[in-house]
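Dear colleague,

Here is the structure I promised to pass on to you. Please open it beside this message and follow along as you read.

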Amino acid sequence: MQSELKSQTLPHRARSLRSHERPDRRYESDEAHWTTLEIETPKEVSRPLVVDLDGTLIASDLLIETAFSELGRRPQSIVDMLMALSRGKAALKHRLSEPVDFDPGTLPYDPEVLSLIRQARAAGRPVYLASASHERLVRSIADHLGLFTGWFASNETTNLAGHRKAQQLVEAFGERGFDYVGNDAADLPVWEKAAQSIAIRTPAGVRKRLARQCPEAEHLNHARPTWRTWAKMLRVHQYAKNALIFLPLLAAHLFTLEAVTQAVLAFIAFSLCASSIYILNDLVDLQDDRGHRSKCKRPLPSGAIPLMHGVMAIPVLFLAALAVGSAVSLSFLGVLLGYFTLTTAYSFVLKRMMVVDVITLAGLYSVRVVGGAVAISVAVSEWLIAFSMMIFMSLALIKRYVELAARRDANLPDPTSRDYKNSDLDIVAALAAAAGFNAVTILALYISSDSVNELYSRPQLLWLVGPLLMFWIARALMLAGRRIMDDDPVVFALKDRGSLLTVAAAVALIVAAV
């Protein structure tokens, strides 16, 4: 490093936040002009360590986070965002630089990078944060961590990335006058000017280019996503919900090879489509999920999978779902598109509306039943749709009950992302019980109808399914009240031995009734 760095010219928005900690550092600020920063560094002071933010210090991308946060709150802001982007990436970052739900304390900080920073500070080295993210966000993170001597960031007119960041750091510290920790292709020009190149989470192509450019580059350890991580992000375990597609097949007793094949294809199409929506929902709810007791462990909020990979997976999964759906029939493709539209509306708008959210969830389950009927070209049973709406309305309300109970038990304030209050807990439980037992009533009316005699030789056995259903609903409510219910009652039922035995007994009775 140069023994002295004098009269380095920097944009005022890239100045040090913590100049008061360094008596040899002084600057004059002018909101509309460039700033001259005078630095006098003794020869014995070590090289500064400069750390990138997105993908390096945090396993996330603030531009993607703030964009989806804004879309989640105001979907119509997509117009403003596109207009800002037309003026350049810096303008877009400025437009998104004041998210109402941004909390630097919940970000997925990388432990290896934090350890490296603390080691540098312990050795007496100055440490700087240099990011292409907007200065408002960078300042917030720097203040939260309290580990940095200063920071460099983008502003309304300057996107501090790639060659521009490299030039900025060379002006501040001199060529080969700093060590740099980065992660992506945009960091290659900076690594080229650094004394030591340190990388983490680099894609294979970038890693090869860095090896040619800086053969002695150091690579920090980090956890790499596995197929299990991807399966968790895609919510493969939630595919069990799509088994509802087979209900019309079973109810109509239509077990031909063609019908079964069409139902299987419909199941695949719904699963792919659902995964695309799950990822979209995770991107919209990043901040909320990080504050949740279990959702914080999901791959996107936790940083286990890069946000950009999640963004790219959405269209891939959706187009694959359309391809499979079109192979079933155009009518089924229409149902699938309706499901996607309703789910997207739920992610961005409807889930924030009290009661409307649970009705929508119940409707989404029922759409699966409709899709299964359309796929095998049978009439949709009104009894089945009515039963589905009631039972899944009950499950959706139990889900809300569990969420509110967890918040009340933890003395957390009313949720901001849902139009519920913690004081609504009792009424939500009552509504869940009412919807569940309405489903039992619909089942009893169906068993009493003339159409049952056409499908079942021993319909009397179906009366035993009613008590089993009442037992399961009452037990689910009791377990939720005791705080031992999973966040998702459907997932709980798939793991709970009592639920599995109840379902098995009900299926056995239905088969025997045939």
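Asn411 sits in the loop between helix 17 (382–409) and helix 18 (425–448), where helices are DSSP runs of H or I with at least four residues, strands are DSSP runs of E with at least two, and both are numbered from the N terminus. Although Asn411 is not a glycine, its phi is positive, at about 55°. Most residues other than glycine have a negative phi. Asn411 counts as exposed because its relative accessibility is 70%; exposed means over 50% relative accessible area, buried under 20%, and partly exposed in between, with a 1.4 Å probe and protein chains only.

Before going on, please keep in mind that this is a predicted model, in which local features need pLDDT of at least 70 and side-chain atom pairs count only at pLDDT 80 or more, while totals for chains, interfaces and linings use all residues. Residues are numbered from 1 along each chain as its sequence is written, and side-chain values use heavy atoms, with hydrogens and water left out.

Arg235 also has a positive phi, of about 60°, although it is not a glycine. Arg235 belongs to the loop between helix 9 (227–234) and helix 10 (247–251), and it counts as buried because its relative accessibility is 6%.

Accessible areas come from the Shrake-Rupley method with a 1.4 Å probe, and for residues only the protein chains shown count as cover. Leu82, which is found in helix 2 (residues 78–86), is exposed, with a relative accessible area of 53%.

As for the chain as a whole, it has 22 helices and nine strands, and its C-alpha trace spans about 95 × 50 × 40 Å along the principal axes. Of its 514 residues, 52% are buried. The chain exposes about 23600 Å², of which carbon and sulfur atoms supply 60%. Among contacts (heavy atoms within 4.5 Å) between residues at least 6 apart in sequence, 65% join residues at least 24 apart.
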